[in-house]
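Please read the following points with the sequence and the model open beside you. They are meant as a colleague's note for someone new to reading structures.

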Amino acid sequence: MATTTTTPPPIESRSSKSTGRAGDRIFLGLSRGSGITLLVIMAAIAVFLTYRAVLAISQDSANFLTTSEWNPAGTPPVFGIAVLAFGTIVSSIIAMAIAVPVAIGIALFISHYAPRKLAAPLAYIVDLLAAVPSIIYGLWGAIFVVPYLDGLNQWLNEYMGWTYIFDKSSDGPARSLFTVGILLAIMILPIITNVTREVFLQVPRMHEEAALALGATRWEVIRMSVLPFGRSGIISASMLGLGRALGETMAVAVVLSPSFLISGHLLDPGGGTFAQNIASKFNEANEFGRDALIASGLVLFVITLLVNGAARWIIARRKEYSGANA
């Protein structure tokens, strides 16, 4: 009766295999620990902000959500976030309305239209613009952008004043929410462009070649193959830019002329945002005033979480829809 013998694997292969298993376990543990640590940090921030906010709001003699006055040092203290929420949302909407279409156009030009010798330097310049500190943008906006926007404001007031929002009802420099929105658009433009460009470069080459083989023009290839493939990436890039626009501090603080008045005239000086108000009032505030500022920071924290959650939900829904159609 013939017997078969099995030769054990070499010692080197067994040791490398066991090392691989150990490496997998270590990597799994590190990844899981990193995720848990992030959740713990987020929970700790939320608990701290909530605790300090409750201390302040419990002594607020006005409605925290609807009051347009900020005087936590008064007797009794009166403060609210109506102006801050309005200014933050309006300036972010202006920034997104300007930046997203321009960023998509730049990303398409770099990834599909520009020659390779031109695309590489353009991509490098966009990367550099994304790394410029916000205070530099703020100083540039205060010294250069604000004076040169006076002419644009006058033109909008003359020809678009009938829309009410471009009706300039008070004199003064162009330190308004409209100016802040333009500056924020310039700041978030490189971020959205970088992410969108990388997404467009990941489009399968076979999809584009198939469209060209069917006789599609270059624009039709982009419309049928590139944009549908990169739609979730565009949404992610836009939400990333929106997150920076919502929380931008120093640039807004340098450019904006703050005031606690809600006005639909976007060209009028004044307004405020959460981050700008915290940066400008934190040093001079007492302990209770800082609690009030932390309460406003909690609202910004919640808004940011809601925006990111909405972006994740939209992307997940689009993936489910694409999978169902496939």
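1. A charge is said to sit over a ring if NZ of Lys or CZ of Arg is within 6 Å of the ring centre and within 35 degrees of the ring normal. By that rule, the charged end of Arg290 sits over the ring of Phe282, at 4.9 Å from the centre of that ring.

2. Before going further, please keep in mind that this is a predicted model, in which local features need pLDDT of at least 70 and side-chain atom pairs count only at pLDDT 80 or more, while totals for chains, interfaces and linings use all residues. Residues are numbered from 1 along each chain as its sequence is written, and side-chain values use heavy atoms, with hydrogens and water left out.

3. How many aromatic pairs does a search of the whole structure find? The search finds eight, where rings of Phe, Tyr and Trp (its six-membered ring) pair if their centres lie within 6.5 Å, and planes under 30 degrees apart count as stacked, over 60 as edge-to-face and the rest as tilted. The rings of Phe64 and Phe79 have centres 5.9 Å apart and planes at 80°, so this pair is edge-to-face. The pair links distant parts of the chain, 15 residues apart, with Phe64 in the loop between α1 (11–57) and β1 (70–71) and Phe79 in strand β2 (residues 78–79); helices (H or I, at least four residues) and strands (E, at least two) are DSSP runs, numbered from the N terminus.

4. Both Phe64 and Phe79 are buried, where buried means under 20% relative accessible area, exposed over 50% and partly exposed in between (1.4 Å probe, protein chains only). Together with Trp70, Phe260 and Phe288, Phe64 and Phe79 form one aromatic cluster.

5. Phe144 and Tyr148 form a tilted aromatic pair, 4.8 Å from centre to centre and with 35° between the planes. They are four residues apart in helix α4 (residues 134–160), and therefore separated by about one helical turn. Phe144 counts as partly exposed because its relative accessibility is 40%, whereas Tyr148, at 62%, counts as exposed.

6. Helix α4 also deserves a look along its length.

7. For α3, the 15 residues should span 21 Å, which agrees with the 21 Å between its end C-alpha atoms. Ala119, Ala123 and Val126 are buried in α3; seen down the axis, the buried residues fall within an arc of 65° (taken from the directions from the helix axis to the C-beta atoms), so they line one face of the helix. On the other side of α3, Lys117 and Tyr124 are exposed.

8. Ala185 belongs to helix α5 and counts as buried at 4% relative accessibility. Leaving aside neighbours within four places in sequence, Ala185 is in contact (heavy atoms within 4.5 Å) with Ala95, Ile98 and Ala99. Ala185 and Ala95 are 90 residues apart in sequence, yet 4.1 Å apart in space, C-alpha to C-alpha.

Notes: Expected span 1.5 Å × (residues − 1).
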